[in-house]
Amino acid sequence: MSTFSPVHSLHHIPTSASEVRHVDPQHNLGDVELLHQIGYKQELRRHYSTIQVFGIAFSIMGLLPSIASVFNLGIASGPAGLVWGWFIASFFIFCVGLSMSFLGSAIPTSGGLYYYTNYYCPDSFRVPLSYMIGCSNSLGLTGAICSISFGFATEVLSAVSVSKDNDFNVTNAKSYGVFAACIVSCMVISCLTTKHAAKFQTVSICVNVFLVLLFIIAVPVGFGKHNSFNGRGFIFGKYENSREWPIGWSAVMSFNTAIWTIGSFDSVIHCSEEALNAQRSIPVGILGSISACWFLGWIVIVVCAACIKDGNVSRVIATETGSPLAQIIYDALGKKWTVAFMSLICVGQYLMAISLMIALSRQVWSFARDDGLPGVYKWVKYVDPKIQVPIRATIFAGICALAIGCLCIIPGTAGSGALFSLAIASNNLAWGMPVFLVCLPYGRKKFIPGPFYFGKTLSYIVNVITVLYIVFAIIMSMFPENRHVDKDSMNYTCVINGGIWILSLVYYYAWAWRTYTGPKSNLDGTESDEEHSVKNVDEVLGEKA
């Protein structure tokens, strides 16, 4: 085991990530001192316990609300495609979570993914590549909050449609109106409630668990009173293809239900500078949330497949409510309970949006801290030392979400579908790039693990599986739902993502190289680890009181 060697004293301040070394996991550093070793000063309030770190990712995943938003993507290949697609995809997502945990446990910082890319990449192209990953991760998280908020709008309008016996015309303009209201209110709440953000995550955990338990109990009980459950052969072996692709590829595309739902777990890393005992709480937050959604989600999916009335999948897909899950609940519980249930799901979806807005603002803030955001980084990166909340970054993130959300105004489902695929492709690239670099000889040589690690051989195997899966997931997310493509059925993800990736590199070489030189230290030699540590303890005790 290597011995700890301090990166710097307060008399030597690292100017970039190239000067930063890793911390020996045997050396018990405080969170603030560790952040100094990485190269940053403590600017945000540390108040997340391990369970609350878990709550960040779990509440963003918002199991039942997320399944409601993308249930149609899975059921398009029939109940078996939905059930097995969820289980298989969840296994590979867990591998990604393991790789993210290796990285986050080694270097816990808010701008983790582009920081890791910069650190583990050879010097010749580490800066432009890290810039592209910073842009991609920011875009992916923005796309994620857009799709969550659009899913919220869809569920609200579906509840209205059910309450009016489907005598309600759901238009894209109405959807955008509800979407915009969701984004703006989340932006305001994220700025106002950050003092109590840790407690908010605990509430979100309770709400999401309650929704799942209520669903898996109430829906089967209600359905069984008037209908016969579908058998095991139907649930686990019935494939039906509602896409124009061959059934095999259609079943693979049904992975997207799990891929979308069990996502944004990198939010744990983005909030790591607010976490207590970050090196150990990050793996718990990432892997705990993925595992919980993997198995609880599979139970929800199986219940849904068992409760499809008369085994008529096409009827559920073509429901006038606009939400296949709403139709399943309606068939089981009737009109009044469906409206009530969908209202509860809307609450869960809204809590997801607030949590993701908090995580997105931290990614945007950290990227601006390293002078990465074009033109606005000086304004965005400012944090009032009294408030210790990145309010400007939150406002900027909300404005970007409103702009990108205009895609849902496009006629048909192409625009809204692009929001979902946008989050998958951009985030997967951001997750996969540092893992890929660690697999290469240069990155493997530089990587020094944190407390969470499986050893060189097993960790390498996990990282290789992660990289191969992510390449596959990015390609799949860019496929249109049907083989025959027109302007309404086009998957615009390839255009948007490809454009952002290319433009970010072009912009870097044209202008951003003047200001962005990779992650850089903001330490000025005046920081006191002891003062920060005392302050953090006082804050935690004060909040508990």
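Ile88 is partly exposed, with a relative accessible area of 37%. In this predicted model, Ile88 belongs to helix H4, which covers residues 78–106, and contributes to a nonpolar surface patch.

**Surface patch**
- The patch consists of Trp84, Ile88, Tyr239 and Ile247.
- Together, these four nonpolar residues present about 340 Å² of accessible area.

**Helix H6**
- Helix H6 runs over residues 126–163, a total of 38 residues.
- From the first C-alpha of H6 to the last, the distance is 55 Å, close to the 56 Å expected at 1.5 Å a residue.
- Because 34 of its 38 residues are buried, H6 is largely enclosed by the rest of the structure.

- Four cavities of 30 Å³ or more are present in the structure.
- The largest cavity has a volume of about 80 Å³.
- Its lining comprises Ala144, Ile259, Trp260, Gly263, Ser264, Ala423, Ile424, Asn427, Asn428 and Trp431.
- At least two lining residues of the largest cavity come from each of helix H11 (256–261) and helix H18 (414–439).
- Helix H18 makes the greatest contribution to this lining, with five residues.

Definitions and conventions: Residues numbered from 1 in each chain as written. Predicted model: local features only at pLDDT ≥ 70, side-chain atom pairs only at ≥ 80, totals over all residues. Heavy atoms only, no water. Helix = DSSP H or I, 4+ residues; strand = E, 2+ residues; numbered from the N terminus. Expected span 1.5 Å × (residues − 1). Buried < 20%, exposed > 50% of the residue type's maximum accessible area, 1.4 Å probe, protein only. Patch = residues over 30% accessible without salt bridge, like charges linked within 9 Å, V, L, I, M, F, W, Y side chains within 5 Å. Areas by Shrake-Rupley, 256 points an atom, 1.4 Å probe, with all protein chains shown as cover. Salt bridge = Lys/Arg side-chain N within 4 Å of Asp/Glu carboxyl O. 1 Å grid on protein atoms, 1.4 Å probe; cavity = no way out; pocket = protein on both sides within 12 Å on 5 of 7 lines; lining within 4 Å. Points joined across faces, edges and corners; volume = space filled by probe spheres on them.
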